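Subject: Structure handover and notes

Hello,

Here is the structure for your files. My notes on it follow below.

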Amino acid sequence: MSRYRLPRLGVAALLATTAAMVTACSGGSTTTPEIVASTDVWGSVAAAVAGPDIAVKSLIGGPNTDPHSYQSTTADALALREARLVVYNGGNYDEFAEKAVRGRSAPSINAFDLRSATADDNEHVWYDMNTVGAVAGRIADELGRIDPAHARAFTDRANAFRARLAGVTAITAKIAATHPKAPVLQTEPIAHYLLTAADVEDRTPHEFEEAIEQGTDPAPADLATTRDLLTTKAVRALVYNIQTEDKTTKDLADSAERAGVPVIDVTETLPAHSDFVTWQTGNANALAAALG
């Protein structure tokens, strides 16, 4: 049985990388970042568009941080208020950012509001390449107004970024063509849009998924039903959020491994030494490999 994951660092290297990701700027000569992103996911998208012309700061980063439970600081609120552009997830995912931008005169970009499937209320919209492309385009538009001298460069970078996103879409389209409606299980609905794009069927019992996402213990009957999907090999893969791992989810992964069901590790923030497109390409390839 295979475990599909990106390489992990040692503890010391991981801590150093996390610190760098939270505080580093993408470029520019200013000491105060002009773009502030709630997470390094959106910070990476912003940096791809901003290039060396405008600095970017991400408030949450690193594979050991769960954005759902992140406790913001006074410094975070100040950075969000003073940034010339804020990029955040929205959809009640990063509520600290949503609250901080209220009443700002400077522009803010709410990714959830730009989602391509407006009837879908899953907040993990960075797994939807159409939404991410729309956010990149909006970033380019806003930066062009902030810094007109580099407007063309921002647009060109956004277009190049969207062209790279098309590579991820091509992988999911191939999965949809070769493994339509392949059944999988998730510990949380993190990769919802990835699975949707790949036409993969999520068979996770809603009550189990909801309990894990809310940080509560699933009912014994729901846990038993979920485990049976693995032990009977009724699903072809387990999509596993490593950032909210607890005894329940770890036991589920162990059940998958014993049953020979592939486990696909996913995260809510960037892995170490990665960028958005590399990360999402890896996620799509891992799904393809798991389904065979």
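Helix α6 covers residues 151-178, which is 28 residues, and spans 41 Å from its first C-alpha to its last, close to the 40 Å expected at 1.5 Å a residue. The expected span is 1.5 Å times one less than the number of residues in the helix. Helices (H or I, at least four residues) and strands (E, at least two) are DSSP runs, numbered from the N terminus.

Before the rest, two remarks on the source. This is a predicted model, in which local features need pLDDT of at least 70 and side-chain atom pairs count only at pLDDT 80 or more, while totals for chains, interfaces and linings use all residues. Residues are numbered from 1 along each chain as its sequence is written, and side-chain values use heavy atoms, with hydrogens and water left out.

Helix α6 and its partners

The buried residues of α6 are F154, A158, F161, L165, V168, I171, T172 and I175. Buried means under 20% relative accessible area, exposed over 50%, and partly exposed in between (1.4 Å probe, protein chains only). These buried residues of α6 pack against α2, α5, α7 (192-197) and α11 (276-291). Contact here means heavy atoms within 4.5 Å.

Two packed helices are described by the angle between their axes and the distance between the axes. Axes are lines fitted to C-alpha atoms, for helices over the stretch in contact, and angles run from 0 to 180 degrees between N-to-C directions. Angles under 35 degrees count as roughly parallel, over 145 as roughly antiparallel, 65 to 115 as roughly perpendicular and the rest as oblique.

The axes of α6 and α11 cross at roughly 10 degrees and come within 9 Å, which means that α6 is roughly parallel to α11. On the α6 side the contact is made by F161, R164, L165, V168, I171, T172 and I175, and on the α11 side by F276, V277, T278, Q280, T281, A284, N285, L287, A288 and L291. By class, the residues of this contact of α6 with α11 divide into 11 nonpolar, five polar and one charged. Ala, Val, Leu, Ile, Met, Phe, Trp, Tyr, Cys and Pro count as nonpolar, Asp, Glu, Lys and Arg as charged, and the others, Gly among them, as polar.

With α2, the angle is about 125 degrees and the axes are 7 Å apart, so α2 is oblique to α6. V45, A48, V49 and A50 of α2 make the contact with F154, R157, A158 and F161 of α6. The contact of α2 with α6 has seven nonpolar, no polar and one charged residues.

Helices α2 and α5

Helix α2 (residues 40-50) also packs with helix α5 (residues 129-146), at an angle of about 50 degrees and with the axes 9 Å apart. The two are therefore oblique to each other. In α2, the residues W42, V45, A46, V49 and A50 meet V132, V135, A136, I139, A140 and L143 in α5. The contact of α2 with α5 has 11 nonpolar, no polar and no charged residues.

V135 has its place in α5 and counts as buried because its relative accessibility is 0%. Leaving aside neighbours within four places in sequence, V135 is in contact with W42, V87, I109, A111 and L114.

Helix α8

In helix α8 (residues 206-214) the buried residues are F208, E209, A211, I212 and E213. They pack against β6 (183-186), β7 (201-202), α9 (220-231) and α10 (247-259). After α8 comes G215, with a positive phi near 75 degrees.

Loop residues

F112 is found in the loop between β5 (108-110) and α5. At 12% relative accessibility, F112 counts as buried. Leaving aside neighbours within four places in sequence, F112 is in contact with N89, G90, G91, D120, D121, N122, E123 and V125. The C-alpha atoms of F112 and E123, 11 residues apart along the chain, are separated by 6.6 Å.

D199, in the loop between α7 and β7, is not a glycine but has a positive phi of about 55 degrees. D199 counts as partly exposed, because its relative accessibility is 24%. K233 lies in the loop between α9 and β8 (238-241), and its phi is also positive, near 55 degrees, in a residue other than glycine.

Regards
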